[in-house]
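Here are a few notes to read with the structure open beside you.

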Amino acid sequence: MAVLTSTAAEAVIFSINSAIKLSQNLRRAYAQSLRGRALTLPLPEFDNEVKMLTIDRFFDEHTAYLEGLEPLKALYNKSNGGEDLTSEDKDSYREYYFSFKALERGENGQRLEMSAEDLNAFFKVRQWDKGKAPQSVLQLVAGTLVDIGIDYFCQHPGMLNPESVHGKVMYHFLRAFDEIDFAEQRDFKEAFSARLVPKLFAAAAESVADLAPDLAGDEKVQSLIHATAKGIATDIYRRAETLDAGGQNEAVHWGQMVLRSMVGHAGQYVVQSPQSLFGTNQGVSKIIESTGVILLDAILDDNSDQIVFKNALSPDTLDRLTRATLDVVAQHPAVLHGGRGIKEIIAGVAGSVKDKSILERGFLPELTRVVLEQSAGHLDLLWRETPTGAEHLLVSAVKQVMGTLAAQTTDGKPWKPALTNTQMLSIVEELVDEVVQNPAWILDEVQGKPVLSEMLDATFASMRSLPKDARLQGEVLRSILKQNVEITLLQRSVLDKIKWGTEQEEKAILSKALEMVFTFVFPKDARPEIGRLQLLAELLEYVTQTLLRQHPDEKGLVLLDLILFKGGVDFSRGFDKKLTDEILNSVSAALAAHPELLVKGRLLQSIISDLAQTVQDSGIRQPGLLPELIRITLENVASHLEAVADEHAGQPKHILVLAIGQVLRAISQPSEDGRWVPKLSNDQIQEIVRMAVAVVLENPQWVRGGDKLFQLIDAVICAMEKLPDFVAVTYTLLRDLIEIALEAVERQGQLLNDIKTQTGETIIRLRFALEELFAILSEAETAEELAWYLSQRQILNILMEYFLTYIVTIQATEDNLKTAVSQMKAAVATWRNDTSKTLEEIFGKLGQQSA
Amino acid sequence: MKKIARFTTGLAALVLLLALSSCSHLMYLDSAQQNFNRAAALDNEMRFSPRSEVPASPSLYYSTAHAFAEKALQNKSALKKDDVLANAYSIKALSEWKLYRYDEAKATSRLALLEYQALEEDKKLFMPRDKALMEALPSLTDLDQGKRFLYTFFAGTMPGYEQAKDHYFSNVFHPDADKSPKLETAVSKIDMVRSQLEGNNDLALYFVSSQLAGLKTWSDALDFLRQSANKDNSLSDSAKQEARAFVAEQYKLHIKPQKEKLLADLSRLAPKPEAERMKSYWDDLF
């Protein structure tokens, strides 16, 4: 009872207390408790001093003690002789006495004294002998209950009214104790009741107060509370007899907790339960009794091979566990019986989590809750027979998840993902949910293990490649697992194992892919990049949602290796999905056409890397160019796998890479006077590159050890600068000129030889010829006329061919060059004067003149 | 706030009026029992552990218990209706005993016994502990009185041997069967009440302990008797020797065998460690 300091307050409380006791039932119980109260009985008065007579009589019978102890003997003689002993003598005599009495009992020490506890145990006397009390449990503890009830009801006056809904609930609660069978363990039950029942009463009273009136008034809720109280109390009686005092206290404590939680969720349970459950009076009480007892059993049962559940429980987690349990029971009343019920699920989860560090985090109840929650509605589908008995799929899932987490080690030391409880629980929940949706995660096997287990192994195995300081955040790990779940569902073959490169160990494709990504994002020999986690997330998403979906095999790894190759694609500014897609499509197409390239991973890496660098060096920043160049290269490289060339003592490069490099350099090089630079689209560049590649494959010497291809294209471009400003230089013209030049040079390699112009400049003959030709054509009277000339591709070809051939054949003296130019001018003049003549006629005439 | 206070006070008064007439008697009895238990626990502690510090006087709690019992008994009809009138008398009688109000205690115990008898006959309601206690209470008070009388008698100047011997025969023990000194009679009456108990070892143990307490006083009486002989200058040495022999014989004939029997009973009734300690305690004491 509360200690009151105010007289008025005392009066009020006392009045209310008294009023409360008007309740007839409580009053009877109260009276009964007073009749049965144990009384501490005082003894009649006696003097507790040991008299000399007593000591003398003792030594009369133990004279041996006097021998050799002269002081004692003297005291004895003195006392027996009728002499007065001084106070000191008496004390000394008594000391001898108590010492020898203690010695007789085999003890050392002085006078015995009784402790307050001993006395309390000895002189506390019950009204009735054990087993003969005419009371029920409720009656036995009614006095204490009333005390508690008074305190409580003072704050909740409405509870007093037996007609109130809450009053009825409490009535049902109390009635449960009248129904407990006292036939067995009667003595113990009577003694223990005083400790148990008031505690349960207090718990029930608190919980009932929180029930909404409509719920408290529901007969089904009242029935639930009645049955729960009875079940829990009966279970605790059963247990407590074999427990020591500490164990009994613990059992009572948890009984309180479970009861409170059960009452708190009574409404929810009733709402969820099918009508049929409460329609059968016989079954319902047993079902409800069992629910609370099962929870209590899970908490209190201490199996050496299982986990001590209670160590991990808190009021909150117990509450959630209770709710989950009721969820399942409401939907599957049969789970409380037989060998495939809640008890087995709880025991299964407890048995599946052995790792100490996980248990210490109080994780077990939440895991159990997750399994129970997910089981609701699917229970029948989640059990399967195994050679060792029935197995619950979600328990297996939890076992596999927690087993994988617990098994992680690095360098012989435990490695644990840096997960918060919430994150770890979310992971488990998501995985368990997956199993509910698709039991094949457990039922199907890969390499003799369930798919889930294999997927987890693959995931966590890859994480061992992470540097020690690169601990993944829980959310990242969660995301990885989620993505891995998805890819595994779609492409089971990602769990196939292969040997990669020179590695001896077989690894799952999924695991190797993740490992490659981790190694790329967290290089061991480099400082971590800012934004690496973003890159990691994007790469992982790409790998699992794009790459491995399309290529769940070794090819997928090859492709991934190509894009992650160091020095290859530049991800320094983040992940470019479009670029990666394009590259992979290019490579993939090439590989599809030429599967033999798959075994040339190193060469492919080199080509891609060099091309990327080439594009980078050219300064051409055109999206989509690199993948196209890669595609063009790979399309042609299959038949020229070994066509590599040493380039200026640098790393050997494939001739096609060198060719493309020279093309790009030529078309991107700034003009000398800044007047004109071709501005080409990707398609146009590709077209030129294709022309160049075709020629270079036939004439690899053009790029081996020199830059003839560059000079050729550069010559064309430089020559075009000589065109008058009013001429609109088209790509078509450029392409044609390059094509003509390529063909010409292919035929006449000497066109690339130098020639000294009239201005004293040394240029290659090709350029000289082109510049002179353009100069001649520029003598046209109008721009339209010049444009017309330039558009006459066929004529130009012939002019050019003729002129170039001529240039090649003559000695490059000043006179010869003048002659050649003059003849060309004459031919052009002829053509200009009479465009109706055929070129053959013109050149025939020209030839005659020349000859 | 003042309105609330006035309302609460008014309500309390109303409720008090209604309630005190209905169940306050139980609460008074409850309080009486609780206070008595507290007092008895302190009492026993002081007696068995003289060196321990007891925070309050048992008398204070006995007085409180008695007061609450009397308050409860102001509503005898209600107590009777709830079948606790006898219990209220019992706690009152026990409190009176420990408050040295021996005659009142005996009278109250008789009232209690009448009520227990009525309960048994009318309602078949048996309360064996309280009934046996009430039956034994006169003897228990006699033991108290005997002890107090003995120590009062020998306080101050030591009486002569003959005077002391008369006291012994009158108040403690007399060899003639038709003489029944209070102390000897009390010890044997308690034994009789104990023998009529059906079960209830706890209560039997209490009675055994009470008998041992009485026996201790008996033993003290013999010690006083010997002292009186030793100090009685009117006695010759041989007379003194004879007196000491008488005391030794009394001890041997009455104290020792009874003590051994009671200690054996104690062991039999409570075969547990605290009983062994209790047995040793008494064994050392006299």
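**Notes on the predicted model**

1. Chain B contains 12 helices and zero strands. If you walk along its sequence, the pattern reads α-α-α-α-α-α-α-α-α-α-α-α.

2. Still on chain B: 49% of its 286 residues count as buried. As for contacts between residues at least 6 apart in sequence, 66% of those in chain B link residues at least 24 apart.

3. Over in chain A, have a look at strands β3 (residues 383-386) and β4 (residues 389-392). They run antiparallel, and four bridges hold the pair together. A hairpin of two residues takes β3(A) into β4(A).

4. Next, helix α28 of chain A, residues 554-564. This one is mostly covered, with nine of its 11 residues buried. The buried ones are A:G556, A:L557, A:V558, A:L559, A:L560, A:D561, A:L562, A:I563 and A:L564. Note that A:D561, an aspartate, is on that list.

5. Now for some helix packing in chain A. Helix α18 (residues 342-352) packs on helix α20 (residues 364-375) at an angle of about 135°, and their axes are 9 Å apart. That angle makes α18(A) oblique to α20(A), and the crossing is right-handed. On the α18(A) side the contact uses A:I345, A:I346, A:V349 and A:A350, while α20(A) brings A:L364, A:L367, A:T368, A:V371, A:L372 and A:S375. Sorted by class, that gives eight nonpolar residues, two polar and no charged ones.

6. Helix α20(A) also packs against helix α22 (residues 421-437) of chain A, at an angle of about 25° with the axes 10 Å apart. Angles under 35 degrees count as roughly parallel, so that is how α20(A) and α22(A) lie to each other. The crossing of α20(A) past α22(A) is right-handed.

7. Which residues of α20(A) meet α22(A)? They are A:E366, A:L367, A:V370, A:V371 and A:Q374, and they face A:L425, A:V428, A:E429, A:V432, A:D433 and A:V436 of α22(A). This contact divides into seven nonpolar residues, one polar and three charged. A:L367 and A:V371 are worth a click: they take part in the contact with α18(A) and also in the one with α22(A).

Definitions and conventions. Residues numbered from 1 in each chain as written. Chains lettered and ligands numbered in written order. Predicted model: local features only at pLDDT ≥ 70, side-chain atom pairs only at ≥ 80, totals over all residues. Buried ≥ 20, exposed ≤ 12 C-beta atoms within 10 Å, placed from the backbone. Contact = placed C-beta atoms within 7 Å. Pairing = 2+ DSSP bridges. Axes fitted to C-alpha atoms, helices over the stretch in contact; angles between N-to-C directions. Parallel < 35°, antiparallel > 145°, perpendicular 65-115°, else oblique. Left-handed = near helix turned anticlockwise from the far one by under 90°. Nonpolar A, V, L, I, M, F, W, Y, C, P; charged D, E, K, R; others polar.
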